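These notes are meant for a colleague opening the model for the first time. Please keep the sequence and the structure side by side while reading the points below.

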Amino acid sequence: MIEYSKLQIGCMLIVIYIAFIYFRERYAYKVKKKEIVFELLLFTGIFSIAFDGITAYTVNHLNNVPMLLNDIFHACFLCSLDAIVFLIFLYILDITRGLPKKRRTKILVSLPFIVNMATVVIFIPQITYRQGNITNYSMGIPVYTCYIMVAVYMFGSAMLLVFGRKNMGHNKLITITTCIVAALAVTVYQMIHPQALLTSLVSVFVIIGAYLNMENPLFQKLSAYNKEMVMGFATLVENRDGNTGGHIRRTTTYVEMLAKELKDRGLYKDELTEDYIKNLVMAAPMHDVGKIAIPDAILQKPGKLTAEEFDVMKTHAAKGGEIIKETFKSMGDDEYEKIAYQVARFHHEKWNGKGYPDGLSRKEIPLCARIMAVADVFDAVSAKRCYRDAMPLEQCFSIIEDGSGQDFDPYIADVFLDMKEIITKIVESN
């Protein structure tokens with residue numbers, strides 16, 4: 001068996017080792033967040049490679065292996081290969097745009113996989129086995145439809161990469177590109193030379209790339225530490241004007257809810273990728289970081305600011321952007337730095353162009369800042385400040401409604417108002 005299955009045995013050992021260290025590190029770092037698609041990818045990869053190795057043996061020992069058993073093994077292999085290709089597509093979809101929630105979309109995404117699985121089961125008795133120069137191999141309708149399904153999902157993965165690359169993390173972009181190119185190269189070679197039996201390499205390339213660049217539990221632990229550090233620093237800044245972190249926690253919650261709801265409704269779907277939302281949520285606590293440069297006499301003044309004092313206060317937006325650039329320029333996370341900078345500098349810009357510091361209007365204002373603006377203004381008027389009491393909630397929602405199309409992006413303001421019930425519960429629970 002080893003003579004024809006050396007590649008599959010090597011691939012199997014690699015994937016089993018990755019699965020072992022992945023789950024060991026999850027336990028060691030006490031990572032609770034489940035990565036369902038990646039874990040399914042691991043287990044299905046092991047299953048697929050195992051049957052790849054078994055069929056590599058049985059197809060070369062047709063006289064010793066009953067034909068029915070050989071057909072069953074090939075059916076298991078082809079079905080598991082379908083599953084691994086489908087999961088690779090789902091994984092790329094999950095880390096770029098997120099898994100679909102609408103039933104119709106789920107069916108559309110799964111249809112080629114379902115049709116191909118049914119085809120394999122129905123037509124497996126018609127599979128044929130041919131003799132090659134190096135090894136025997138299988139052909140027939142189940143194999144051909146499998147090739148077609150691979151092509152469909154590889155094309156879909158490539159489209160996700162093309163349309164989502166602008167809002168994708170650098171490491172993630174490199175990983176996905178490498179995986180797609182490697183998987184495509186193996187697939188094309190396998191189609192041209194069916195006796196090569198290289199399909200197990202597809203699983204290995206994707207699993208290794210995903211683990212090393214994205215799914216290592218250590219990365220998730222470090223991300224959690226970074227989030228705590230950002231929140232701690234933002235709270236320290238906020239404490240200067242008499243708050244104790246409540247404003248940044250609430251605004252961050254509103255921003256996350258709003259961004260996800262916009263995405264679920266199909267608004268700004270090309271920008272609101274999983275990476276973009278994650279970076280936005282991480283950046284939201286830093287929106288007022290520039291206040292650290294504002295004198296206490298102005299920041300903590302209990303009464304209304306004079307025109308001169310308000311001019312000084314307004315400088316916190318531009319200064320916040322400068323602080324972000326200086327603080328995060330050596331982090332190596334360009335996507336996060338860009339969004340954090342935009343949130344800090346532009347969250348006081350207005351849809352009608354009458355905001356500050358740059359007087360941007362409409363879609364000149366970055367999307368992240370437009371989302372932040374609604375969350376920031378609502379919390380500013382609904383919470384008690386050193387210079388006034390909290391306004392009644394109905395009045396707070398009216399301010400957002402009146403500002404729609406003037407101060408705020410009308411689509412974002414309307415979605416926020418549609419979430420009135422859940423936002424009211426958040427305000428009342430604080």
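1. Contact here means heavy atoms within 4.5 Å, and helices (H or I, at least four residues) are DSSP runs numbered from the N terminus, as are strands (E, at least two). With those terms, Val 374, Val 377, Phe 378, Val 381 and Ser 382 in H14 meet Leu 393, Cys 396, Phe 397, Ile 399 and Ile 400 in H15. The residues of this contact of H14 with H15 divide into 9 nonpolar, 1 polar and no charged, where Ala, Val, Leu, Ile, Met, Phe, Trp, Tyr, Cys and Pro count as nonpolar, Asp, Glu, Lys and Arg as charged, and the others, Gly among them, as polar.

2. The model is predicted, with local features needing pLDDT of at least 70 and side-chain atom pairs counting only at pLDDT 80 or more, while totals for chains, interfaces and linings use all residues. Residues are numbered from 1 along each chain as its sequence is written, and side-chain values use heavy atoms, with hydrogens and water left out.

3. pLDDT is the predictor's confidence in each residue, from 0 to 100; its mean for the protein chain is 86, and 94% of the residues reach 70 or more. Confidence is lowest in helix H8 (residues 217-238), at a mean of 76, and highest in helix H16 (residues 410-418), at 95.

4. How do H14 and H15 pack? Helix H14 (residues 367-382) and helix H15 (residues 393-403) have axes 9 Å apart and an angle of about 150 degrees, the axes being lines fitted to C-alpha atoms, for helices over the stretch in contact, with angles from 0 to 180 degrees between N-to-C directions. The two helices are therefore roughly antiparallel to each other (angles under 35 degrees count as roughly parallel, over 145 as roughly antiparallel, 65 to 115 as roughly perpendicular and the rest as oblique).

5. The axes of helix H13 (residues 334-346) and H14 come within 8 Å and cross at roughly 50 degrees, which makes H13 oblique to H14. Ile 339, Gln 342, Val 343 and Phe 346 in H13 meet Cys 368, Ala 369 and Met 372 in H14, and the residues of this contact divide into 6 nonpolar, 1 polar and no charged.

6. Helix H10 (residues 274-283) is mostly covered, with 8 of its 10 residues buried (under 20% relative accessible area, whereas exposed means over 50% and partly exposed in between, with a 1.4 Å probe and protein chains only). Among the buried residues of H10 are Asp 275, Tyr 276 and Asn 279.

7. Glu 326, which lies in helix H12 (residues 307-328), is exposed, with a relative accessible area of 55%.
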